[in-house]
Amino acid sequence: MTSDEKYMLRALQLAKLAGVATKTNPMVGAVIVLDDQIIGEGYHQKYGEAHAEVNAVNSVKDQSVLKEATIYVTLEPCSHFGKTPPCADLLIRHAFKRVVIAQIDPFSEVSGRGIEKLRNAGIQVDCGILEKEARELNKRFITFHTKKRPYITLKWAQTVDGFMDLDRSENPETGINWISQPETQVITHQLRCTEQAILVGWRTIQNDNPSLTTRAFNGPNPLRIVIDPHLQAPKNATVFTDGMPTWVFNLQEEHQINEVRYIRMDDLSPESVLEKLYLQNINAVLIEGGGNTLTRFIGSHVWDEALVITGRNEFKTGLRAPVLCKTPVKSVVFGKDTLNYFRNF
């Protein structure tokens with residue numbers, strides 16, 4: 001590992017600390033180095049607050065030395081006025097000797113302009129250090145700005161014989177038919193806290209009455225979204241009565257009751273739902289069910305990752321699990337369950 005890679009790796013570690021707190025902003029870390037020693041660090045901690053470069057510069061006691069220093073940044077410094085002033089201007093003002101960047105910003109108002117500004121000011125700029133790792137870190141941000149939709153992760157549990165639920169035609173309110181072991185909840189709830197929103201169809205609310213929270217893992221709860229065309233989900237369901245935010249995409253009503261927001265749409269196709277979420281600044285969604293909702297998103301090819309949990313039990317009959325015609329990029333045996341990870345890119 002080169003020294004540039006070493007310091008950029010540290011910047012990436014810092015960037016990850018923010019998690020979903022940056023919302024539609026990217027996760028960015030910055031490290032300032034002088035004479036092969038780190039003299040300052042910072043990261044973008046929260047949406048609307050100071051960027052990584054600002055926090056790193058402010059962490060340096062004697063800022064007069066910055067003109068001899070190198071700053072490592074995981075994403076191209078911004079060149080426009082948003083909620084904060086341009087970070088490129090800050091680096092120029094302190095006359096940094098060198099700026100090392102992992103990835104060019106895909107956001108159209110920045111892309112390449114920050115680098116151009118720095119070079120025009122006589123600062124040496126080097127790009128592409130650990131770019132692959134930086135792109136993985138901000139895959140949600142990149143998808144949001146390049147594909148104009150949220151980053152979509154699918155997740156479901158299925159039996160070893162390929163079913164995700166028992167037949168509920170005679171008794172639709174039998175409660176949850178558990179497939180995975182209780183310990184696996186920690187992993188799935190950790191996944192929930194990395195996404196801005198979690199989405200299910202109305203039958204999942206009717207059948208399982210889920211809370212869709214991160215109760216098994218210490219992390220922020222995602223915004224809950226229910227696709228319910230004709231408002232058939234039970235009004236006493238947990239997601240409508242526990243006082244936490246829930247959006248209901250439907251074909252009939254537009255209003256809000258306490259923390260439940262009903263959003264009327266003319267079309268509830270996956271493409272229309274994602275367009276609406278994009279316009280609402282939601283950059284990452286975890287889709288957990290049910291079978292019909294998952295199948296529709298798979299069929300529309302608007303998904304990026306999937307986690308399929310296979311338990312050891314058998315249902316022999318019931319609701320068939322969706323099928324991904326792909327090979328897992330990773331498989332992990334976790335107790336009695338097998339976790340298969342897929343990618344659609």
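The following conversation works through a predicted model of one protein chain.

Student: To begin, how many helices and strands are in the chain?

Tutor: The predicted model has 11 helices and 17 strands.

Student: What box do the C-alpha atoms fill?

Tutor: Taken along the principal axes, the box is roughly 75 × 45 × 30 Å.

Student: And what share of the residues is buried?

Tutor: The chain has 345 residues, and 51% of them count as buried. The accessible surface comes to about 16400 Å², with 49% of that area belonging to carbon and sulfur atoms.

Student: How many positive and negative side chains are there?

Tutor: There are 39 positive and 40 negative side chains. The centres of these two sets lie 1 Å apart.

Student: Let us turn to the sheets. In what order do the 10 strands of the open sheet run?

Tutor: The order is β11-β12-β10-β9-β8-β13-β6-β14-β17-β16, with mixed pairing. At the edges are β11 (255–257) and β16 (330–334), each of which pairs on one side only. From one strand to the next, the twist averages 20°.

Student: Which helix packs on that sheet, touching β6 and β8 among others?

Tutor: That is helix α10, residues 270–279. Besides β6 (151–158) and β8 (197–201), α10 touches β9 (223–227), β10 (246–250), β12 (260–264) and β13 (284–289). The direction of α10 makes about 140° with that of β10.

Student: Which residues of α10 are buried?

Tutor: They are P270, S272, V273, L274 and L277. What covers them includes the strands β6, β8, β9, β10 and β13, together with helix α11 (291–300).

Student: Why would residues three or four places apart in a helix point the same way?

Tutor: An α-helix has 3.6 residues a turn, so residues at that spacing point the same way. In α10, V273 and L277 are among the buried residues.

Student: What follows α10?

Tutor: Helix α10 is followed by N281, which has a positive phi, near 65°.

Student: Going back to the strands, in which sense do β14 and β17 pair?

Tutor: Strand β14 (residues 305–310) and strand β17 (residues 337–343) pair in the antiparallel sense, over six bridges. As one example, A306 has F342 in β17 as its bridge partner.

Student: Which residues does L339 touch?

Tutor: Not counting residues up to four places away in sequence, L339 touches T184, I187, L307, V308, I309, K330, S331, V332 and F334. Take L307 as an example: L339 and L307 are 32 residues apart in sequence, yet their C-alpha atoms are 6.7 Å apart in space.

Student: How much of the contact in the chain joins residues at least 24 apart?

Tutor: Among contacts between residues at least 6 apart in sequence, the share is 69%.

Student: What about S180: buried or exposed?

Tutor: S180 is in the loop between β7 (163–165) and α7 (184–192). With a relative accessible area of 18%, S180 is buried. Leaving aside its neighbours within four places in sequence, S180 is in contact with I309 and D337.

Student: And where does R140 lie?

Tutor: R140 lies in helix α6, residues 139–146. At 17% relative accessibility, R140 counts as buried. Its contacts, not counting residues up to four places away in sequence, are Y151, T194, E195, N283 and A284.

Student: New topic: in what order do the five strands of the open sheet run?

Tutor: The order is β2-β1-β3-β4-β5, and the pairing is mixed. The edge strands are β2 (37–43) and β5 (124–127), each pairing on one side only. Here the twist averages 15° from one strand to the next.

Student: In which sense do β1 and β3 pair?

Tutor: Strands β1 (residues 29–34) and β3 (residues 70–73) pair in the antiparallel sense over four bridges. The bridge partner of I32 in β3 is I71.

Student: Which helix lies across β1?

Tutor: Helix α1, residues 3–16, lies across β1, β2, β3 and β4 (98–101), at about 140° to β1. Helix α4 (residues 113–120) also packs on the sheet, touching β4 and β5, and its direction makes about 150° with that of β5.

Methods:
Residues numbered from 1 in each chain as written. Predicted model: local features only at pLDDT ≥ 70, side-chain atom pairs only at ≥ 80, totals over all residues. Heavy atoms only, no water. Helix = DSSP H or I, 4+ residues; strand = E, 2+ residues; numbered from the N terminus. Buried < 20%, exposed > 50% of the residue type's maximum accessible area, 1.4 Å probe, protein only. Contact = heavy atoms within 4.5 Å. Areas by Shrake-Rupley, 256 points an atom, 1.4 Å probe, with all protein chains shown as cover. Lys, Arg positive; Asp, Glu negative; His and termini not counted. Charge placed at Lys NZ, Arg CZ, Asp CG, Glu CD. Pairing = 2+ DSSP bridges. Axes fitted to C-alpha atoms, helices over the stretch in contact; angles between N-to-C directions.
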